[in-house]
Amino acid sequence: PMVSDMVVGTAQLGMDYGIANRQGAPSKKQAAAILDAAIKNGVGFIDTARAYGNSEAVIGRSLPKKKRDFVRIITKLSPLSQCSSATREKDLREKVKGSLRQSCESLRVTSLDVLMLHRADHLIKWNGVIWRQLNECQESGLIKALANYLMLFRGLRLNICRCHLTCWKPVGRWQLRRFLKKRSREVLRFM
């Protein structure tokens with residue numbers, strides 16, 4: 001089935017989120033109804049993250065298998081805030097794989113449709129270990145599409161997907177700025 005470009009964000013499904021939110025996270029029944037209505041109305045992507053409380057688990061419980069053909073789930077790697085600059089490469093790789101396993105378990109899937117970094121510095125921090133580990137996980141089939149969500153240049157939002165930019169490698173900030181400046185007026189479509 002064809003998947004539309006519309007996305008529903010689900011941070012509020014997993015935690016008390018939003019400046020105007022006075023009721024907290026919706027009930028299980030309400031969450032299921034929200035996801036069902038979104039899919040019925042043409043949403044093609046569900047956006048979640050490890051950092052969105054139990055949003056992944058709510059989606060995993062609420063999204064029937066028969067609906068999964070009509071929607072792709074975008075999740076994000078844990079922010080890895082428990083890791084310091086002194087974290088060893090082996091431990092960092094295990095934290096990354098652990099985050100992916102937790103996402104799969106919570107979402108009740110065997111592989112992730114789209115995985116994004118929640119922090120742009122994970123591309124280059126720790127000498128690129130996180131990005132290399134994610135590439136290995138994509139090559140093994142655990143991740144179908146790998147992306148980095150960047151918010152730079154006065155709020156410009158751009159997805160850089162490895163499957164479309166095959167020459168992408170972790171680069172310095174000046175190279176990234178040059179790349180974005182050249183493409184700041186383009187609309188890049190993925191998937």
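Predicted model: local features only at pLDDT ≥ 70, side-chain atom pairs only at ≥ 80, totals over all residues.

On the face of helix H2 turned away from its buried side sit the exposed residues Lys29 and Lys40. Exposed here means over 50% relative accessible area, buried means under 20%, and partly exposed lies in between, with a 1.4 Å probe and protein chains only. Residues are numbered from 1 along each chain as its sequence is written, and side-chain values use heavy atoms, with hydrogens and water left out.

Which residues of H2 are buried? They are Ala31, Leu35, Ala38 and Ile39.

As for its length, H2 comprises 13 residues, 28-40, and at 1.5 Å a residue should span 18 Å, which agrees with end C-alpha atoms 18 Å apart. The expected span is 1.5 Å times one less than the number of residues. After H2 comes Gly42, with a positive phi near 95°.

Let us turn to H3, residues 55-62, and its partner H4, residues 89-107. Their axes come within 7 Å and cross at roughly 35°; such axes are lines fitted to C-alpha atoms over the stretch in contact, with angles from 0 to 180 degrees between N-to-C directions. From H3, Glu56, Ala57, Ile59 and Gly60 meet Gln102, Ser103, Ser106 and Leu107 of H4.

Next is helix H5, residues 129-139, where 8 of the 11 residues are buried, so H5 is largely enclosed by the rest of the structure. Among the buried residues are Trp131, Asn135 and Cys137. Gly141 follows H5, and its phi is positive, near 95°.

Finally, the chain as a whole. It contains 6 helices and 6 strands, where helices (H or I, at least four residues) and strands (E, at least two) are DSSP runs numbered from the N terminus. Along the sequence the pattern reads β-α-α-β-α-β-α-β-α-β-β-α. Of its 191 residues, 43% count as buried.

Key. Contact = heavy atoms within 4.5 Å.
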